[in-house]
Amino acid sequence: MSAAYVVFFLAAALAAACGAEAALVEHTFVVSQMKMHHMCNDSLVTLVNGQFPGPTIEVTEGDSVVVHVINKSPRGVTIHWHGVKQHNNCWADGPAMITQCPIPPNKNFTYRFNVIGQEGTLWWHAHIGFLRATIHGALIIRPRLGPNSYPFPKPDQEITIVIGEWFDMDLFELYEKTENRIYGDIPLSPTINGMLGDFNNCSGVTEDSYKLDVEQGKTYLLRIVNAGVDKAYNLKIAGHKFTVVAADANYVKPYTTDIIAIASGETFDALVIADAPPGRYYMVAQAVQTTEPITQKRVLMSRGIVSYNPMKWSGDDTLEIMAPELPDWHDESPSFYFHGNLTSLLPQTVPSNIDEHMFMALRSGYNCLYGGAPHCTVTMINNISFQHPSTMSLLQAHYYHTMRNISSLLEYPIGPPMLDFNQTRTATATLVKKLRYNSTVEIVLQGPPGQMSYTNPMHLHGHDFFILAQGLGYYNPEKDVQKYNLVNPSVKNTAHVPMNGWTVIRFVASNPGVWFFHCHTEHHSSSGMAMAFVVEDGPTVETTLPPPPTYYPSCGGQNSIVEYV
Ligand code: C2O
């Protein structure tokens, strides 16, 4: 056997042992506006390929993804690959004015990235204003060795469940309001895979419900995404249980529950066995909403229907659809317990030498500088409300060493944390924190206290983090370190900070570039609950931010998001 032949033979054997070779997964996303009719109204929405939710991207771990975005809408757009680690590839991350200027109308831009070392469900969405309300879709990453290598019983079928939100209003207007710190409206209804469901009707016309047909005894892997811009949801299926096996594309120790409490930005993979008596069962996504005295709106709910193969029963459509028992729509405790019960499947190596201890008080206040609007809300991290730069993205400024030209730039304050939630002073600035390459960061995320509190799903770009602990009330540095799980903490990209409580996360800044860190509730993010980490280059070529792709949208004369919006 010649040497070349041996090499070929070994390579072939290796490829066979490792499943298919890494592939190139290519998509074209045409962004355009169209009308959709719901609840007696036509609304003009911006969609990818005319779909709501948008197309699902399916890859095998190790694949390369190429997405050509063709912007046929009249506004600027960017796409973010939520949870994809983008190692040394910050240019493809997508948040507007953080890593790139928006893709202008009638222009194209191609995103290229690899999906490595992650398995499960992630998603993609527009990352400019509220556009992600209608521009989003799932990103599914299957193991290279095939479905037999799932660390859980192989499901008979995989089902994607994208929870979204339907706004009966112009999303650009909503964004402008929020950016100007005028609190906007809540969605009209959640959606399950684009459908508002039969809980919603207008003038006697009932909205369509998502339908899932199941066979008795079969196991389904639900890949669940909360793509909603505003709310956290409790998801239940009457008569059935979920076994959660992954969170944010990281495997978790199987956890059986009858409720999935999913915050905006989170993803969960869960097994559901069709083991109930044949019949029809509601699958309900109900929004969790703040308690009084915050003004009460209405129950927000989308109902889908899980129905067993009618051949095996009477199939009588008049039979009652079983409804799950739901927690009160103000009750945050299911979410607290659900998140508290997540641990990683395998033990983790949690770094113990902390280079940067950070404390972030997540809060909101009132700021009526803008036209004296009636509901002028500003959200902050500590006392600083984030402002997007307007002339150049932060990443470009970082790469070209022109950060200091950004007049609104503010380095993360060194000094005692702001624990005074009552103080009203606020600064509006482009808040950044420089991190040395490979430094270990611990952040205590303190939610607002008291009766008027709310949850905050904090999302970090370009990295996953360990969730070490969560608790209620104020974080206590002496006592609460005892609660840290340093053995098998869950690994996520979005941390649920409980209402009236705190969460501690830890990560290694191992990815050079500028990475947005923000609340995934768009009302909060757009009104200032955000900041950016600037991770410096490491010592080698592989740890240095490469140059930008050849065609990179420029902000041109019309620089700010607002001008494109
Ligand atoms: Cu899914 Cu910066 O967001």
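Where is the place of P53? The legends below answer this and cover three further residues.

This is a predicted model: local features need pLDDT of at least 70, side-chain atom pairs count only at pLDDT 80 or more, and totals for chains, interfaces and linings use all residues. Residues are numbered from 1 along each chain as its sequence is written, and side-chain values use heavy atoms, with hydrogens and water left out.

**View 1. A cis peptide bond leads from F52 to P53.** Its omega is near -5 degrees. P53 lies in the loop between strand 2 (41–48) and strand 3 (57–60). Strands (E, at least two residues) are DSSP runs, numbered from the N terminus. Most peptide bonds are trans.

**View 2. N49 has a positive phi.** The value is near 50 degrees, in a residue other than glycine. N49 sits in the loop between strand 2 and strand 3. N49 is partly exposed, at a relative accessible area of 33%. Buried means under 20% relative accessible area, exposed over 50%, and partly exposed in between (1.4 Å probe, protein chains only).

**View 3. N382 is not a glycine, yet its phi is positive.** Phi is about 55 degrees. The loop between strand 23 (377–381) and strand 24 (384–386) holds N382. N382 counts as buried, at 6% relative accessibility.

**View 4. H461 is buried.** Its relative accessible area is 1%. H461 belongs to the loop between strand 28 (456–460) and strand 29 (465–472). Leaving aside neighbours within four places in sequence, H461 contacts H80, D93, P95, H127, W515, F516 and H518. Contact means heavy atoms within 4.5 Å.

Key: Helix = DSSP H or I, 4+ residues; strand = E, 2+ residues; numbered from the N terminus.
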